[in-house]
Amino acid sequence: MNRSIFIRHTSIITLFSLGLLGVQGCSAKLYSPDDKLALETEAQTITQRFGGTLKPKLKAAIQSGGLVHAVDICAVEAPAIAKALSAETGWEVKRVSLQPRNIDTATPDEHERSTLAWFAEQQSTQGEAAVLKSSQIVNNTYRYMQAQPVEGVCLNCHGTNINPAVQSIINTTYPSDMATGYQLGQIRGAFSLAKSLE
Ligand code: HEC
């Protein structure tokens, strides 16, 4: 007797839970911390592939053909890598900056702008601590951003007193360039990844 009451009770709970799941499934607006962590892990892997492909290419281009040649390589390779990764993974993959060089691809939207401003504030108040990142669900889209601080090699093309030949090719390729004048450690921009959850 007791047992059958217990069973009935259990099945009511089960039905109730399934009902709740159904509601969650339909609205598609609730994600468990585990879901979000899985998305973050995937985004980080793609980000590492982006940086891990681009930086060696940049360094090799500087070594083999000098800085002017490397500007050309960067202008072609960076958008190509972003495009290939987007096509392969189904994520939107790009780099953005508050002072973009490539205004066509790197101009931030509202979410990116506020995240970049937060990265810059963190960097200026706390210095270079851990990698700055942001993982959020905004309007049913998962958004991941990871800051790119300025290292020594970056100063060649994003610092002050840039070699005139390098400056000249930058001016020709990017007439609206805003990406110079940076100091070591400042946030140059960020990788920005998005995946629709609809
Ligand atoms: C040889 C010159 C050169 C060097 C060195 C260089 N960059 Fe750039 N950077 C460029 C060019 C050219 C672009 C524009 C690429 C494009 O059209 O997508 C760019 C674009 C970027 C962007 C994308 C946002 C934007 O403003 O268009 C980021 C972020 C960035 N660079 C970060 C760095 C960092 C960090 C380093 C050092 C690790 C670095 N760059 C070193 C030339 C360089």
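Tutor: We begin with a definition: a residue counts as near a molecule if one of its heavy atoms lies within 4 Å of it. Please keep in mind that this is a predicted model.

Student: How many residues surround the ligand, and which are the closest?

Tutor: By that 4 Å criterion, the shell can be counted. The ligand is surrounded by 20 residues, and the closest are Arg101, Cys154, Cys157, His158 and Tyr174.

Student: Which side chain places a polar atom 2.8 Å from an oxygen atom of the ligand?

Tutor: Two other side chains can be set aside. The side chain of His158 has an N or O atom 2.9 Å from a nitrogen atom of the ligand, and that of Tyr174 has one 2.7 Å from an oxygen atom of the ligand. The 2.8 Å distance belongs to Asn102.

Student: Which element gives the most to the shell around the ligand?

Tutor: The elements giving two or more residues are helix H2 (33-89), strand S3 (141-149) and H5. With six residues, the greatest contribution comes from H2.

Student: Is H2 roughly parallel or roughly antiparallel to H6?

Tutor: The axes of H2 and helix H6 (residues 164-173) come within 8 Å and cross at roughly 25 degrees. Because angles under 35 degrees count as roughly parallel, H2 and H6 are roughly parallel.

Terms used
Residues numbered from 1 in each chain as written. Predicted model: local features only at pLDDT ≥ 70, side-chain atom pairs only at ≥ 80, totals over all residues. Heavy atoms only, no water. Polar contact = N/O pair within 3.5 Å; in protein donor to acceptor, adjacent residues only side chain to side chain. Helix = DSSP H or I, 4+ residues; strand = E, 2+ residues; numbered from the N terminus. Axes fitted to C-alpha atoms, helices over the stretch in contact; angles between N-to-C directions. Parallel < 35°, antiparallel > 145°, perpendicular 65-115°, else oblique.
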